[in-house]
Amino acid sequence: MSMWKKLMMVSTVALTAVTLGACGNNQNSKNTSTSNKPLTLWVATDYVPWYKTSVKEFEKKHPNIKVKVMPSPNGTSNAKTDVGKDPTKAADVFAVPHDQLGQMASSGYINPLSPKDAKNIKDNDIDVAYKAASWKGKVYGYPYTSDINFLYYNKSKLSAEDVKDWETLTKKGVVATDFSNAYNIWPIMFSAGTKLFGDNGEDVKGSTMDSQAGVNGLKWVAAQKDNKGVMQTSNALNQLKLDHAQAILDGPWDATNIRRILGKNFAVAPFPKTEVGGKKVQMKAFLGIGCFAINSHTKNPKGAAELASFLTSKEQQLVVHKKTGETPVNKAAEQTAAVKNDEVADAVMTMSQPSHSVIMPKLPQMTTFWNESAPLLSGVYDHKVKPDQYRAKLAKLQKDISKN
């Protein structure tokens with residue numbers, strides 16, 4: 001399961017030890033010293049074995065640097081919390097979802113990348129990856145993979161033409177998803193025409209869900225309750241396996257499981273178009289970029305930067321793709337046969353375009369957004385929140401997430 005989806009399924013936790021982190025930032029922003037102590041690398045538990053192989057290759061190229069690979073204490077989705085507990089004891093380099101970079105940078109847990117590394121990312125990675133790794137004009141993460149929802153479907157029950165339109169799709173088959181999960185459902189609000197923290201996701205006062213467009217988005221959510229071709233479930237994979245659903249909204253992290261379930265009938269597609277507010281629009285998704293970041297308290301910032309740069313190189317991004325099925329963000333890697341011939345990667349690359357997705361904002365106010373948007377969407381879907389309450393609920397959400 002993706003680091004973002006895990007995070008959205010539970011309430012997010014506020015950052016701690018801000019003062020300690022800020023002090024670390026001041027102490028290490030100019031630190032170019034090296035240390036004989038091994039670097040520590042935190043990655044997802046399942047990824048530890050093959051990252052150890054990658055690290056051996058790194059150590060051959062850098063014989064003076066040793067690296068210890070360890071699982072992230074509470075998963076990569078909780079990187080900011082794990083590092084924040086005590087930055088001095090956290091890993092030198094760690095995997096982190098891009099949307100946590102802003103909070104970690106503001107708290108002093110991570111420092112900006114060198115101009116050289118920032119330029120390398122800008123020149124060699126896709127534009128959305130560079131934007132996702134940036135915060136207030138500086139780059140704080142080394143991107144290596146895209147995570148985004150798209151459509152998986154049973155091609156023996158649905159045709160490629162059927163899945164291009166939500167209304168046709170839900171007449172010909174059943175789509176399973178979770179309307180209590182804002183990660184899955186909120187992007188219909190982008191299709192409706194609302195913004196979350198402005199055009200760039202960094203404007204605290206830039207949200208526009210308190211609008212007729214926002215009401216139109218919630219009307220679409222409410223209408224799905226009465227749509228016989230839509231199933232509310234917290235376990236879409238099981239519904240697909242039982243053939244109670246013929247399509248689900250999910251991401252590359254579940255590709256292997258879904259291939260097992262559907263076998264020769266496995267198929268994927270970008271999200272379809274749908275009608276919102278009387279207009280046919282493209283359904284959108286949240287785009288997440290997996291990154292590596294460097295602890296501002298590392299005793300070997302130069303070695304840590306070399307490690308992070310190595311782990312996010314074209315070659316290593318292709319290793320991640322081979323091992324996990326996740327899609328590279330390196331432009332050259334995307335053009336290799338291994339990626340170009342991967343139908344999942346093709347869906348991810350289409351969905352990663354601005355026409356199909358919105359980069360997940362990095363503001364600390366996202367904690368409030370996740371906590372309040374999920375029950376709102378669930379209440380609207382279940383018809384517990386009535387139409388005459390929509391505008392007031394949206395106004396409260398917008399006010400709450402707009403506080404500095």
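Predicted model: local features only at pLDDT ≥ 70, side-chain atom pairs only at ≥ 80, totals over all residues.
Visitor: How are α19 and α20 oriented, roughly parallel or roughly antiparallel?

Guide: Two packed helices are described by the angle between their axes and the distance between the axes. Here α19 (residues 366–381) and α20 (residues 390–401) pack with their axes 9 Å apart, at an angle of about 170°. Angles over 145 degrees count as roughly antiparallel, so α19 and α20 are roughly antiparallel.

Visitor: How many nonpolar residues does the contact of α19 with α20 have?

Guide: From α19, the residues that meet α20 include Phe369, Leu376 and Val380. Among their partners in α20 are Tyr390, Leu394, Leu397 and Ile401. By class, this contact has 2 polar and 4 charged residues, and the number of nonpolar ones is 7.

Visitor: What arc do the buried residues of α18 cover around the axis?

Guide: In α18 (residues 343–351), the buried residues are Val344, Ala345, Ala347, Val348 and Met351. An α-helix has 3.6 residues a turn, so residues three or four places apart point the same way.

Visitor: Is threonine 327 buried or exposed?

Guide: You can find threonine 327 in the loop between α15 (314–324) and α16 (331–334). Beyond its neighbours within four places in sequence, threonine 327 is in contact with residues including Tyr144, Glu334, Ala345 and Val348. Buried means under 20% relative accessible area. Threonine 327 has 1% relative accessibility, so it counts as buried.

Note on methods
Residues numbered from 1 in each chain as written. Heavy atoms only, no water. Axes fitted to C-alpha atoms, helices over the stretch in contact; angles between N-to-C directions. Helix = DSSP H or I, 4+ residues; strand = E, 2+ residues; numbered from the N terminus. Parallel < 35°, antiparallel > 145°, perpendicular 65-115°, else oblique. Contact = heavy atoms within 4.5 Å. Nonpolar A, V, L, I, M, F, W, Y, C, P; charged D, E, K, R; others polar. Buried < 20%, exposed > 50% of the residue type's maximum accessible area, 1.4 Å probe, protein only.
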